[in-house]
Amino acid sequence: SSDLVSNGKVNAYVFRTCFNDSFQGNVMANFVYNDLKLKKAVILSDNSNDYSMGLAATFKTVFTKAGGTITAEENFTAGDKDFSAILTKIKAMDYDVIYLPSYYEEAGLIIKQARAMGINVPICGGDGFDDSKLNEIAGNKNLNNVFFSGHYSSQDTTQVVVDFNKMYKEKTGDTPNAFNALGYDLAKFVLQGVKTASKYTSDDVAKALMNVKDFQGVTGTFTLDANHNPVKSAVVIEFKNGVQKFRARVNP
């Protein structure tokens, strides 16, 4: 969800229950440094959209603060098809991970072309990877050692997720996706605010929502910050031969 929705001037009646876009850079920086234990990164970002640049900036800040090093930062533009110049430039550099905050169109091509050039280090991104078209573009054989951050994974073994999956499948016959989980959490969060409000007025319900602490949702436990954004965990999903596998839940 765009940082612009509830950052800057705070609207008393606007609340976010999903994390904002740039927060994913925080999550992936922590995952790369603490879980994968990799210390030298190259950042490849799309300079034509705020989503990519926001994730890149946050990743750089958090990763370097943790003790990591940014070997290089390179930019491309949405719509580019040939990334051989950038990949040739970075191939011989000293790094052990690529952070690629991009949507699936360019990410798929970069992953495919990088693997074809023998660049086999982990490639990490955000929820822009979460589309079956990434598989079509990159090819399943190239989607190994590839990770992305997201709001939810149906494979998460946390009890609240297991219970939600069971309930959703019983009612619909389908496995819930991230949007289903976020919608469920939003409804429960609003209902909790309404239940605890002293009166059923806009002001009282808004005040009650800000007073909800440690809300336990399917997509994580959170409390809203001063900008009405949730401070919550995220999941990291790994591709293995093109198949998504739940890898970890990462705290901010």
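These legends describe close-up views of a predicted model.

**View 1. Helices H6 and H7 pack against each other.** H6 covers residues 159-172, and H7 covers residues 178-196. Their axes lie 12 Å apart and meet at an angle of about 105°. H6 is therefore roughly perpendicular to H7. From H6, the contact takes in Phe164, Met167 and Tyr168. From H7, it takes in Asn180, Ala181 and Tyr184. By class, this contact has 5 nonpolar residues and 1 polar residue. No charged residues take part in the contact of H6 with H7.

**View 2. Asn177 sits in the loop between H6 and H7.** The relative accessible area of Asn177 is 38%. Buried means under 20% and exposed over 50%, so Asn177 is partly exposed. Asn177 is also among the residues nearest the centre of the largest pocket. Ala107 is 70 residues away from Asn177 along the chain. The C-alpha atoms of Asn177 and Ala107 are separated by 21 Å.

**View 3. The largest pocket has a volume of about 460 Å³.** Its lining comprises 24 residues. Nearest the centre lie Asp130, Tyr152, Asn177, Ala178 and Phe179. Strand S5 (146-150), H7 and strand S10 (243-250) each supply at least two residues of the lining. By class, the lining of the largest pocket holds 11 nonpolar, 9 polar and 4 charged residues.

**View 4. Ser102 lies in the loop between strand S3 and helix H4.** S3 spans 97-99, and H4 spans 104-116. Ser102 has a relative accessibility of 1%. That value is under 20%, so Ser102 counts as buried. Leaving aside neighbours within four places in sequence, Ser102 is in contact with Tyr51, Phe76, Ala107, Gly128 and Phe129.

**View 5. Val205 belongs to helix H8.** H8 runs over residues 202-210. Val205 has a relative accessibility of 17%. The cut-off for buried is under 20%, so Val205 counts as buried. Gly193 is 12 residues from Val205 in sequence. In space, Val205 and Gly193 are 5.9 Å apart, C-alpha to C-alpha. Leaving aside neighbours within four places in sequence, Val205 is in contact with Val194, Ala197 and Lys199.

Key
Residues numbered from 1 in each chain as written. Predicted model: local features only at pLDDT ≥ 70, side-chain atom pairs only at ≥ 80, totals over all residues. Heavy atoms only, no water. Axes fitted to C-alpha atoms, helices over the stretch in contact; angles between N-to-C directions. Helix = DSSP H or I, 4+ residues; strand = E, 2+ residues; numbered from the N terminus. Parallel < 35°, antiparallel > 145°, perpendicular 65-115°, else oblique. Contact = heavy atoms within 4.5 Å. Nonpolar A, V, L, I, M, F, W, Y, C, P; charged D, E, K, R; others polar. Buried < 20%, exposed > 50% of the residue type's maximum accessible area, 1.4 Å probe, protein only. 1 Å grid on protein atoms, 1.4 Å probe; cavity = no way out; pocket = protein on both sides within 12 Å on 5 of 7 lines; lining within 4 Å. Points joined across faces, edges and corners; volume = space filled by probe spheres on them.
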